[in-house]
Structures are given as structure tokens and as C-alpha cells.
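Notebook open, model loaded. I want to look at the ligand shell, then the fold and its core.

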Amino acid sequence: MSRLATKVAIVTGAASGIGLGIAQLFIQEGAEVIFSDINKTGKATADAAGKKAVFIECDISNTESVKNLVARTLEVFGTIDILINNAGILYQKPISETSDEEWNAVINTNLKGPFLLTREVLPIFEKHGKGKIVNIASIAGIIGYENLSAYCASKGGIIAMTRSLALEFAPKKINVNCICPGAIKTGMTKAIEENEMMLKQTLMSVPAGLMGDPIDIANAALYLASDESDYVTGSSIVVDGGWSVR
Ligand SMILES: NC(=O)c1ccc[n+]([C@@H]2O[C@H](COP(=O)([O-])OP(=O)(O)OC[C@H]3O[C@@H](n4cnc5c(N)ncnc54)[C@H](O)[C@@H]3O)[C@@H](O)[C@H]2O)c1
């Protein structure tokens, strides 16, 4: 299959989990992909994915690091067609125990990071008269979860930012959408999988009765990154086994 033939994509947080699943699927679909991550282990993963995969280290919360990522991508592949804002972090704790540093880290990674990268790639998309931005939000941006205030705020924020950017750039044929995953098996949810009680509670919340895999999110990202979604912008695709419709 080659639904992304000739396309160049940046995927943040591609060293593991959902980002890795997206980056690997995009390679299979013919894209050239920058596997970007703050974690250098992403280099080995990109090397294993073949010649169309290149690792570039980036801390998405840092303006200079983001500028370097975009400049290096242009050096390596000459252009950018798709931006997947996936990297994210989470602290699960009551607000009274949340430090300024933890609050800032969550907002700076999950919300400011996508802002910085979007600002950096938009001039390239505007020049092309086309471009795809896919933000990985969460159902935590739609429904409430206790002890997750910073994370929920960041994910609600990115859903709202997606809608605003979609309006700003629809006339320029630049699509901005987001995906809201439910419980997906990655490093972020390992604690759930390893705790029988937490796993049981989670599975009881999911009408489908199971956790999702990164490929479930990657398939939605593939649609939103491909030409098939040219008339879709400002939307949030929920991929959660029905959790949020209860
Ligand atoms: N796993 C789930 O159930 C779930 C549910 C809803 C939303 N999400 C979202 O999906 C995205 C991916 O999460 P995941 O589950 O794959 O987690 P993960 O921890 O497996 O992967 C996150 C990746 O982001 C990278 N990262 C963290 N901070 C970074 C930074 N400042 N700059 C660059 N890279 C950074 C990490 O090194 C890691 O490789 C996140 O935005 C997360 O909020 C996950």
C-alpha cells in the first residue's frame, strides 16, 4: 500500500508507543518519516525502519530545539507535508500535590510543544498550498478524570487549539485535526496493565472490553494524514472502544 507515497512526515514522540506505531505505519505506506523524540533510543528504532526513516532528537517544549528539528528535516528530505504532534507526558496526582514544575512540564510538552511545531511548519505548508497537522489529544480532553488536572487541561487545550487553527487555515487547504485516544497499551499506561485492580476497572469502563493498541491510533492518523481526508478539518476522531460515550 502507498497511501502516503512522496509525502514527508514528522512524528514527535516516535521512540515508543503511539508515535512509534504511527511512524512505522507511515513508512509502510510509502512516506519518508522523521522519527523525532527527546529520547535518543528513537535512533535505533528509526535505523531499524529502513532508509526512509531518520531520527532527529528534539525536545518539543524548547523553541530552539523545534527550530532545529524543522531545519534538519528540510536538509534531510527537502520538504514537510505532514506534522504529527504526538509526544506527551502525564502526572497522575491530586492538584494539591502538583508542583509548579510538574504543571509546567505537562502544559509545555502537551500544549506548547504542538504550538511551537505548528508555528514552525505552517509557512512551509502555506508555500505548498497544502498540509496536514494531526494532534494526538485524549478523551481526557473531553471527559473528566480525577487527579489528572494538568493533563486534562492540556488535552482540552489542544482540542480547542485544533478547532481554532482549522478555521485559520482552511482557506489555505491546510487541514488540522486531532485524535482522542482512550486507553491504549503503551509505556504511559503500563501501570494500569500491571495492576490487576486498575486493569479490571479500566476494562469495565470500556464498552469494547479491551485496551487498544498503537495501530488503532495509527490507522486514524493515516486517514487524517492522507489525501482521503482533504475535506476534514477541525474534527476530533475519538478512538476509545466507546469509553467516552457511556
Ligand atoms: N496511551 C494512552 O492510553 C493514551 C491515551 C490518550 C492519549 N495519549 C497520548 O498519546 C501520545 C503518545 O503517548 P504514548 O501513550 O505513546 O506514551 P509513551 O510514553 O509511550 O510515548 C511518549 C513519547 O513522547 C516522548 N516525549 C516526552 N516528552 C517529550 C518532549 N518534551 N519532546 C519530545 N518527545 C517527548 C517520550 O520520550 C516518548 O517516547 C501522548 O500525547 C499521550 O498523551 C495516550
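**Ligand shell**

I started with the make-up of the shell around the ligand: its residues split into twelve nonpolar, 14 polar and two charged. Keep in mind that this is a predicted model.

Next I asked which residues come closest to the ligand. Of the 28 residues that surround it, the closest are Gly13, Gly17, Ala87, Gly88 and Thr186.

**Overall fold**

I looked up the secondary structure and got eight helices and seven strands for the chain.

How does the radius of gyration sit against a compact globule? For 246 residues I'd expect a value near 18 Å, and the chain has 17 Å, so the two agree. Along the principal axes, the C-alpha atoms fill a box of roughly 50 × 40 × 35 Å.

**Core**

The largest nonpolar core has 68 residues. Ala9, Val11, Ile22, Ala23, Phe26, Val33 and Ala221 have the most contacts inside it.

I picked Phe26 from that list and asked what it touches beyond four places away in sequence. Phe26 touches Leu4, Ala9, Val11, Ala31 and Val33.

Definitions and conventions: Residues are numbered from 1 along each chain as its sequence is written. This is a predicted model: local features need pLDDT of at least 70, side-chain atom pairs count only at pLDDT 80 or more; totals for chains, interfaces and linings use all residues. A residue is near a molecule or strand if its C-beta atom, placed from the backbone, lies within 6 Å of it. Ala, Val, Leu, Ile, Met, Phe, Trp, Tyr, Cys and Pro count as nonpolar, Asp, Glu, Lys and Arg as charged, and the others, Gly among them, as polar. Helices (H or I, at least four residues) and strands (E, at least two) are DSSP runs, numbered from the N terminus. The radius of gyration is taken over C-alpha atoms; the globule rule is 2.2 Å times the number of residues to the power 0.38. A nonpolar core is a set of buried Ala, Val, Leu, Ile, Met, Phe, Trp, Tyr and Cys residues joined through C-beta atoms within 7 Å. A residue is buried if 20 or more other C-beta atoms lie within 10 Å of its own, exposed if 12 or fewer, and partly exposed in between; C-beta atoms are placed from the backbone. Two residues are in contact if their C-beta atoms, placed from the backbone, lie within 7 Å.
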